[in-house]
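Dear colleague,

I am passing on the structure below, together with notes on what I found in it. Please read the notes with the model open beside them.

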Amino acid sequence: MKKVKCGFIIALIGGVALPQDAAAMHIAEGLLPFNWAAFWFAVALPFFAWGLYLLKKRSQEDLSFKPLVGLMAAVVFIISCMPIPVPFAGTCSHPCGTGISGILVGPAVSVVITAAALVIQALFLAHGGLSTLGADIVSMGVMGSFTGFLTFRALRSVRVNMAAAAFMAGLFADWATYFMTSVELAAGIRGEAAFLPLFWKVLIAFIPTQLPIGILEGAMTAGMVMLLYKKRPDLLIKMRVIKDREVAVIGAVLIAFTIFFSGVAPTEASKWTGVDEAVIEKIAKEQGREPKEPLINMEQGDLPLFIFLIAGAVGGFAAGYYWRVLITEKGSPRCRGGAERSPETSAKIRGS
Amino acid sequence: MHLLEYYASDHWLARIDARIKLLVTLIVLIMVLSYQGVSFQLLVAALSLTLIMSMKIPWRLFLLRFSEPLLIVLVVLLLKIFFSGHDPLFSFDILGFQLTAYREGLAEGVAIGSRIMAAISLMAVLVYATPFPELMAALSWLKIPRGFIEILLYAYRYIFVLFEEAMVIYQAQKNRLGYANFRNRLSSFGVLTGSLILKAFEQSQTLSTAMVQRGYDGNMPLFQSRPFRSSEIFLSCLVVTAMGILWRI
C-alpha cells in the first residue's frame with residue numbers, strides 16, 4: 001500500500017512536474033525486450049492483414065480509396081503530433097485520432113492507417129519505434145480503432161444522438177489506448193517484479209494527463225463528425241457511417257420544424273400574451289396600479305395613416321428635388337482636389 | 001516538420017544501398033533487443049551517435065529527436081529504481097513518504113535506458129542517411145505488402161500539404177482569438193481537425209482523378225533499386241559479423 005502511494009508521487013513527478021512530450025502514448029524504440037516486441041507483432045499481425053485485405057478489396061471497387069486511406073494516415077499523423085495543453089495537469093498531450101479513423105473507414109482499415117502513421121513517426125520523429133511497432137499498433141490501432149468503432153455503432157444502434165455517440169467513441173478510444181499501453185509497458189519492463197503492481201503504477205502515471213485528454217478527444221471527435229455531417233453528409237454515407245434513410249429522416253424533420261415555426265408558430269404566438277401583460281401588468285393590477293391609456297394611442301383612429309401620408313409627401317418632395325442633381329450639371333466642373341477646370345479641359349473630357 | 005526533411009546526402013553512408021542499410025540496421029536492432037546486459041548496447045549507442053555527429057546534424061534537430069526518448073528513459077529509470085529490487089541503495093523522505101532506491105532496480109533501469117538509447121540512435125543513423133522513397137523501395141524488397149507501402153508514400157507526401165493547410169487554419173483561428181481560452185481552444189481544435197479531414201477527402205478525389213488520367217490502375221510504381229555492389233555486400237557482412245562477435249562476448 002505504501003509502495004502504491006509512493007507510486008502516485010512518482011506518477012505526479014513523471015506526469016506533472018516533467019514537461020510531457022507530444023507523443024506520450026507511443027512506446028519508445030528499445031523499451032520492450034525482444035520476446036515482448038515479437039509477441040505484440042504477432043498479436044497485431046492478423047488485424048493488420050485483415051485491414052490490408054479490406055483495403056485491397058475496397059480499392060479495387062473504388063480507385064480513390066487508397067489515396068483516401070493514405071491521406072487519412074497523414075491526418076492521423078498530424079493530429080497525433082499536435083500538443084494540446086491540459087490545464088488540469090499542467091502538461092501537454094495529444095489526441096490519438098484513431099477513434100475518428102475507426103468510425104470513418106472501419107476499424108480494420110484504421111489499423112493500417114495507424115500503422116502507416118506510426119512507421120513515419122518512428123522513422124522521422126523518434127516517436128515510438130520499429131521494434132515497438134507491434135505494441136503501438138495493438139494499443140493505438142487495434143484497441144483505439146475497435147473501441148471507437150464499436151462504441152459509436154453500439155450507441156447509434158440504440159438511437160443515441162450522433163454527437164453524443166461520437167463523443168463517447170473518442171473518449172473510450174483514447175482511454176482504451178492508454179489502458180493497453182499500460183499493460184504493454186508493465187509487461188515489458190517488469191523484469192522479475194510482479195505484473196499487477198507495476199501496471200497500476202503505470203496506469204496512475206497516465207491518469208493526470210490522459211483522463212482530461214480523453215474528454216478532449218471525445219469532444220474533438222464529436223466536433224469532427226458533426227462538421228462532416230453538416231458540410232458533407234454524402235461522405236458519411238459513402239463511408240457507411242450513416243445511411244441515406246437517416247439523412248432523409250433528419251431532413252424531413254428539419255423541414256417540418258421549419259414549416260412549423262414559420263407558419264404555425266406566429267399564429268399561435270398571437271394568441272399568447274407577452275411577458276409585460278402576463279407578469280408586470282398583472283402584478284401591478286394586484287397592487288392596485290391600473291395601467292393608464294397612452295397620451296397618443298397609435299392603435300386608435302387614422303393617426304398612423306395620417307403620419308404615413310405626411311412621410312410620403314415629404315419623401316416624394318425630397319426625391320423630386322434631388323433627382324435633377326443626377327441628370328443636370330450644376331455649377332462649373334472641378335478637377336479632383338477642387339481646382340477649377342479650364343474650358344479647354346472640359347471640352348476634351350466631353351470629347352467635343 | 002523539419003525533422004522529416006533532413007537527409008545527410010554528402011555522407012559516405014548515404015551512398016550505400018538502402019536495402020543493405022535497412023537489413024544491417026534490423027539485424028543489429030534484434031541483437032540490441034535480445035542482449036542481456038549493458039555493454040553491447042552502450043557500444044552500439046556510442047557508434048551510432050558518432051556516425052550521427054559525423055553527418056553534421058543541426059543541434060536543434062538532434063535535441064528534438066532525442067528529447068522524448070530521453071524523457072522516457074528518465075521516467076523508466078525512476079520507476080525501476082524505486083519500485084524494483086530488494087537490496088536498498090539509499091532512501092529519503094518526500095512529502096512524508098519514504099522512498100527507497102534499490103540496487104537491482106538501478107541495474108534494470110540502466111539496462112532498459114541503454115537499450116532505448118542504442119535502438120533510437122541506430123534508427124536515427126538509418127533515417128538520416130536514406131531518402132524516404134529509397135527506404136520504401138527497400139521495405140518493398142523485404143516483402144512488406146505493396147498496399148501498405150503505397151499508403152506510406154501517400155501519407156508522407158500529404159503530411160506536408162496538410163500540415164501547411166493546418167497551419168493556415170490555425171493562424172486564421174488564432175488571429176480571431178480562437179485559442180483565447182480553454183473552451184475556444186477545444187472548439188477551434190475540433191474545427192481544425194474536421195477541416196483537415198474534409199481537405200483529405202477532397203484531395204484524395206482530386207488526386208485519384210489526376211492519377212487515373214495518367215494511367216493509374218490501382219498500383220503505384222515504386223523506386224527502382226540498382227543491383228548490389230560487391231563492396232557493399234562485403235562491408236555489411238563485416239559489420240554484422242563484428243557485431244555478432246561483440247554480442248556473443
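Helices here are DSSP runs of H or I with at least four residues, strands are runs of E with at least two, and both are numbered from the N terminus. This is a predicted model, in which local features need pLDDT of at least 70 and side-chain atom pairs count only at pLDDT 80 or more, while totals for chains, interfaces and linings use all residues. Residues are numbered from 1 along each chain as its sequence is written, chains are lettered from A and ligands numbered from 1 in the order in which they are written, and side-chain values use heavy atoms, with hydrogens and water left out.

On chain A as a whole, there are 13 helices and 2 strands. Of its 352 residues, 46% are buried, where buried means under 20% relative accessible area, exposed over 50% and partly exposed in between, with a 1.4 Å probe and protein chains only. Taking a contact as heavy atoms within 4.5 Å, 72% of the contacts in chain A between residues at least 6 apart in sequence join residues at least 24 apart.

Helix H4 of chain A (residues 98-105) has 8 of its 8 residues buried, so it is largely enclosed by the rest of the structure. The buried residues of H4(A) include Ile100(A), Ile103(A), Leu104(A) and Val105(A), and also Gly99(A) and Gly102(A). Gly106(A) follows H4(A) and has a positive phi, near 95°.

Further along chain A, the axes of helix H6 (residues 133-157) and helix H7 (residues 162-189) come within 7 Å and cross at roughly 155°; axes are lines fitted to C-alpha atoms, for helices over the stretch in contact, and angles run from 0 to 180 degrees between N-to-C directions. H6(A) and H7(A) are therefore roughly antiparallel to each other, a term used for angles over 145 degrees. The residues of the contact of H6(A) with H7(A) divide into 15 nonpolar, 7 polar and 3 charged, with Ala, Val, Leu, Ile, Met, Phe, Trp, Tyr, Cys and Pro counted as nonpolar, Asp, Glu, Lys and Arg as charged, and the others, Gly among them, as polar.

Two loop residues also deserve a look. Most residues other than glycine have a negative phi. Arg159(A), in the loop between H6 and H7 of chain A, has a positive phi near 65° and is exposed, with a relative accessible area of 77%. In chain B, Lys56(B) lies in the loop between helix H3 (39-54) and helix H4 (59-83); its phi is positive, about 60°, and at 68% relative accessibility Lys56(B) counts as exposed.

With best wishes

Notes:
Parallel < 35°, antiparallel > 145°, perpendicular 65-115°, else oblique.
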